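Trainee: Please take a close look at one part of this model, covering how its side chains are placed and what lies beside it.

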Amino acid sequence: MTDRTITGHVGGAATITSAEDFAETTRAIVGSVERVIDGKPDAVRSALVCLLAEGHLLIEDVPGVGKTMLARALAASVDASVRRIQFTPDLLPGDVTGVSVFNPVAREFEFKAGAIFANIVIADEINRSSPKTQSALLEAMEEHQVTVDGMSHELDEPFLVVATQNPLEMEGTYALPEAQRDRFMMRISMGYPDAAAEALMLRQRETVNPLRGVTPVVSAAQVEQLIAWARRVHVAPAIEEYAVALAAATRTHPDLRLGASPRATLQLVRAAKVWAALDGRGFVIPDDVAALLAPVFAHRLIPTRAAGGSRSRSGPDAVTTVLETIAAAVRVPLATRT
């Protein structure tokens, strides 16, 4: 892997010339987020992977476990523009993308940018808006642009959507369609904190909001450079074939009526590159792919009714079981560095 020099993070100089330097720099971001999110290292790491792998993150969990707090902590740790959109049934597509407004002085229409024009967009309770409003995100998430009145407008880079939704309260919500779910690189759950982390939260947050103490540790430009460096992580042909075999197995498994898309395979490999770089490696190993299989694939798969699926739920337990079976059955490559 070719060396790449990256200028220092906000508030200090740091030059990255190796995968170890990459890992050290990203640890500063993780440390900043963990000042707010106690006892959830896997969730913090997943959010960072999505940012640096140019994906988007769907956080699905019950209320009050820190879904929005995680998104806001990551945004606060990066010196970049941030917008939060509270999705509600009356939210319109133009509120997200923007609208054309007639300027009587210039006698022409001017584009007024919507809330999607930011580096990090927090889409809170995304399943509370109508399918028409949800669809306003499709072009932005895939092509990093929006089209209004026939005119395309580029979004700023880097661009990350962190969406949250409550999987239990179904009244007044609209399930995300498969096309929308497929555009999220990963879906994670926060889970409840352990007893020690929850007790610490009671002591620390009684008098101060921890978000107020978070300052940026990297700039948006430096995040772009980290993204470019992560793209150069080496993926051996055997690893690529392993990822393709895992995806192909989901498409032919008898317990699944919808398998992983080619986009899912691409995002699995992209995420694995960042996962390896976070561990200080310039190459991907099979364990990187296996660790990301469920977060990247599970929300895209739909089990058959016989396997536990239904019209209203995707059968997460059934999908997890199927993925475990597939991971055990697909041959793991042994030689990966050449």
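Mentor: A residue is called buried when its relative accessible area is under 20%, exposed when that area is over 50%, and partly exposed in between, with a 1.4 Å probe and protein chains only. Strands (E, at least two residues) and helices (H or I, at least four) are DSSP runs, numbered from the N terminus. The model is predicted, with local features needing pLDDT of at least 70 and side-chain atom pairs counting only at pLDDT 80 or more, while totals for chains, interfaces and linings use all residues. Residues are numbered from 1 along each chain as its sequence is written, and side-chain values use heavy atoms, leaving out hydrogens and water.

Two strands pair if DSSP finds at least two bridges between them. E1 runs parallel to strand E9 (residues 160-165), to which 4 bridges join it. Strand E10 (residues 186-188) also runs parallel to E1, and 3 bridges join these two. Leu 58 takes part in both pairings: it stands opposite Ala 163 in E9, and its bridge partner in E10 is Arg 187.

For comparison, helix H10 (residues 237-252) has buried residues including Ile 239, Tyr 242, Leu 246 and Thr 250. The face of H10 turned away from its buried side carries the exposed residues Glu 241 and Thr 252.

Conventions
Expected span 1.5 Å × (residues − 1).
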